[in-house]
Amino acid sequence: MMQSARRAVVIGGGPTGLSSAISLADSGVAVTLVERSDVLGGHAVQLACKATDRCQVCGACVAAPLVREVREHPLVDVITQGRIVGDERVDGRHRLVVDAPDGSISFEADALIVSCGYSTIDLSRDRQEFGYGFAPGVATTLELESELRSRGPAGVKGRRFAFVQCVG
């Protein structure tokens with residue numbers, strides 16, 4: 001990694017965290033991006049392209065170029081499967097401890113960006129009224145996205161769909 005006088009830590013490797021890391025690094029700030037999973041891209045990497053003959057602006061393709069740009073940027077260091085386990089303010093800077101697969105890493109940063117995304121709800125446990133888990137044909141949006149990614153639109157069962165948004 002190239003040297004920079006300023007350092008920032010971005011917590012979260014989804015599209016917002018990736019974009020933040022790129023913007024900071026393009027401005028000359030050294031960035032350490034910490035992602036708790038083993039892949040970058042967040043939930044966006046689970047989305048399937050909805051394009052037929054032209055782009056539908058569905059957002060499915062947003063993650064891949066951001067991941068590539070972060071991985072190739074000389075001012076961005078990526079830690080996957082990492083967790084911030086300590087943050088102490090010392091002389092206006094953050095002194096951080098990150099648990100990573102290779103052990104604990106300690107470093108200082110001038111700024112933190114927290115972009116840790118969201119968790120999906122467990123419909124089988126939390127929202128029985130929608131029939132998930134026992135009524136045929138009820139699926140989550142991410143399950144439908146997974147089917148679209150693996151089978152394409154022609155391989156998805158069902159002719160009519162209804163979406164319940166903002167559950168949970």
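Q81 lies in the loop between β3 and β4. In this predicted model, Q81 has a positive phi of about 55°, although Q81 is not a glycine. D91 is another non-glycine residue with a positive phi, at about 50°.

**Loop residues with positive phi**

- Q81 is partly exposed, because its relative accessible area of 45% falls between the cut-offs of 20% and 50%.
- D91 sits in the loop between β4 and β5, the latter spanning residues 93-100.
- D91 is exposed, because its relative accessible area of 78% is over 50%.

**Largest pocket**

- The largest pocket holds about 980 Å³ of space.
- It is lined by 27 residues, and the closest to its centre are A139, T140, T141, L142 and F163.
- Helix α4, residues 141-151, gives the most to this lining, with 5 residues.
- By type, the lining of the largest pocket divides into 16 nonpolar, 7 polar and 4 charged residues.

**Second largest pocket**

- The volume of the second largest pocket is about 590 Å³.
- Its lining has 26 residues, with G14, E35, G42, C116 and G117 nearest the centre.
- Three elements each supply at least two lining residues: α1 (15-26), β2 (30-35) and β4 (83-90).
- Helix α1 gives the most to the lining of the second largest pocket, with 3 residues.
- The lining of the second largest pocket divides into 10 nonpolar, 13 polar and 3 charged residues.

**Helix α1**

- The buried residues of α1 are G17, L18, S20, A21, I22 and A25.

**Helix α2**

- A63, L66, V67 and V70 are the buried residues of α2.
- Seen down the axis of α2, these buried residues fall within an arc of 100°, so they line one face of the helix.
- The buried residues of α2 pack against α1 and β3.

**C58**

- C58 lies in the loop between β2 and α2.
- C58 is partly exposed, because its relative accessible area of 31% lies between the 20% and 50% cut-offs.
- Leaving aside residues up to four places away in sequence, C58 touches A48, C49 and K50.
- C58 and G117 are 59 residues apart along the chain, and their C-alpha atoms are separated by 18 Å.
- G117 is also one of the residues nearest the centre of the second largest pocket.

Technical notes. Residues are numbered from 1 along each chain as its sequence is written. This is a predicted model: local features need pLDDT of at least 70, side-chain atom pairs count only at pLDDT 80 or more; totals for chains, interfaces and linings use all residues. Side-chain values use heavy atoms; hydrogens and water are left out. On a 1 Å grid over the protein atoms alone, a cavity is a set of points where a 1.4 Å probe fits but cannot get out, and a pocket is an open set with protein on both sides within 12 Å along at least five of seven lines; lining residues have an atom within 4 Å of a point. Grid points are joined across faces, edges and corners, and a volume is the space filled by probe spheres set on the points. Helices (H or I, at least four residues) and strands (E, at least two) are DSSP runs, numbered from the N terminus. Ala, Val, Leu, Ile, Met, Phe, Trp, Tyr, Cys and Pro count as nonpolar, Asp, Glu, Lys and Arg as charged, and the others, Gly among them, as polar. Buried means under 20% relative accessible area, exposed over 50%, partly exposed in between (1.4 Å probe, protein chains only). The arc is that of the directions from the helix axis to the C-beta atoms. Contact means heavy atoms within 4.5 Å.
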